[in-house]
Amino acid sequence: MVYRLVVSPEQLSNGRIQLTTDQCHYLKRVLRFEDGDRFVAMDGNGQTWLAQLDQDQASLLNLLTESGELSTQVTLLVALPKGSGFEEIIRPCTELGVSHFMPVISDRTLLKPSPQKLERWQRIAQEAAEQSERQRVPTISPTLTFAEALIKLKDSGQIGYICVTRRNSPSFLSYLSTPLPETLLIATGPEGGWTDAEIEQAIAAGLTPVSLGNRILRAITAPTVALALVAAVAEAYSSP
Ligand code: SAM
């Protein structure tokens, strides 16, 4: 496996990457890279290159054409679970191809995240994108209340689904036929679930209630299952 490294636009100039001190340390001391060794550099926004280490820089050898992205851009609206639960959602959902995370505080959310959390979450998404050989690093928006998020969604006109339990809602899978829409949104609740009022507000904002099956999934499991369904449908019929 070729090592992958996300670089920021400011690090790129004239076909070269100016590596940060941390990146140099990691490549040379941790991975034992030597000058001339190659890795994949990604801008996190869809571009990837084969790169070659040259002291504290790297030269870009050639642009790579890779296809590790889903054909549909999925936004995951997550009512924050307690503890480090959101981190356990970011990793697998990034591996499965999510484009954007929208963390929200709902009526039954117990966690009140500090603003520094966003930086940590973004770093976890970057590591998971590198590990899963994606070309894009999912973005994570600052935490909103569920009501604020619904106002945004209503304005965007995006196709969206809210995962709900005990409502005899149609299966999420039954809405996923190819070709999938260019963008779609999936909302999942916290440990205590959504309140009835929240579900009604979501429906009024245009979200469709859906089921993920006859068993109650943990707040951490539900987003991963929903993403896995989208990824399976998106890729089942696409050419290899
Ligand atoms: N006691 C809560 C309830 O009955 O809603 C359990 C909530 S569950 C642990 C957390 C979230 O995962 C739910 O709010 C929902 O968004 C999602 N979820 C879990 N199991 C689900 C299922 N079978 N179908 C749809 N959504 C599910």
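**Close-up 1. The largest pocket of the predicted model, with a volume of about 590 Å³.** In this predicted model, 28 residues line the largest pocket, and those closest to its centre are Cys 163, Val 164, Thr 165, Arg 166 and Ile 216. Sorted by class, the lining of the largest pocket is made up of 11 nonpolar, 10 polar and seven charged residues.

**Close-up 2. The second largest pocket, which holds about 310 Å³ of space.** The lining of this second pocket consists of Tyr 3, Leu 5, Val 6, Gln 11, Thr 20, Asp 22, Gln 23, Tyr 26, Arg 123, Gln 126, Glu 127 and Glu 130. Strand 1 (4–6), helix 1 (21–30) and helix 3 (117–131) are the elements that give two or more residues to this lining, and helix 3 provides the largest share, with four residues. By class, the lining of the second largest pocket divides into four nonpolar, four polar and four charged residues.

**Close-up 3. The two domains of the chain, domain 1 (4–63) and domain 2 (73–238), as given by the domain assignment.** The centres of domain 1 and domain 2, taken over C-alpha atoms, are separated by 32 Å, and nine residues of domain 1 are in contact with eight residues of domain 2. Because domain 1 and domain 2 both give residues to the lining of the second largest pocket, that pocket lies between them.

**Close-up 4. The largest nonpolar core, a set of 36 residues.** Within this core, the residues that touch the most other members are Leu 76, Phe 86, Phe 101, Ile 186 and Val 230. At least two core residues are supplied by each of strand 7 (73–79), helix 2 (85–96), strand 8 (100–105), helix 3, strand 11 (160–163), strand 12 (183–188) and helix 6 (221–236), and the largest share, six residues, comes from helix 6. Another core, of 18 residues, lies apart from this one and includes Val 104, Leu 144, Ala 202 and Ala 205.

**Close-up 5. The surroundings of Phe 101, a member of the largest nonpolar core.** When its neighbours within four places in sequence are left aside, Phe 101 is in contact with Leu 76, Phe 86, Ile 89, Ile 90, Cys 93, Thr 94, Pro 138, Thr 139, Ile 140 and Ser 141. Two of these contact partners, Leu 76 and Phe 86, are themselves, like Phe 101, among the residues that touch the most other members of the core. As general background to such a view, nonpolar side chains tend to be buried together in soluble globular proteins.

Note on methods. Residues are numbered from 1 along each chain as its sequence is written. This is a predicted model: local features need pLDDT of at least 70, side-chain atom pairs count only at pLDDT 80 or more; totals for chains, interfaces and linings use all residues. Side-chain values use heavy atoms; hydrogens and water are left out. On a 1 Å grid over the protein atoms alone, a cavity is a set of points where a 1.4 Å probe fits but cannot get out, and a pocket is an open set with protein on both sides within 12 Å along at least five of seven lines; lining residues have an atom within 4 Å of a point. Grid points are joined across faces, edges and corners, and a volume is the space filled by probe spheres set on the points. Ala, Val, Leu, Ile, Met, Phe, Trp, Tyr, Cys and Pro count as nonpolar, Asp, Glu, Lys and Arg as charged, and the others, Gly among them, as polar. Domain bounds come from an automatic or database domain assignment. A nonpolar core is a set of buried Ala, Val, Leu, Ile, Met, Phe, Trp, Tyr and Cys residues joined through side-chain atoms within 4.5 Å. Buried means under 20% relative accessible area, exposed over 50%, partly exposed in between (1.4 Å probe, protein chains only). Contact means heavy atoms within 4.5 Å.
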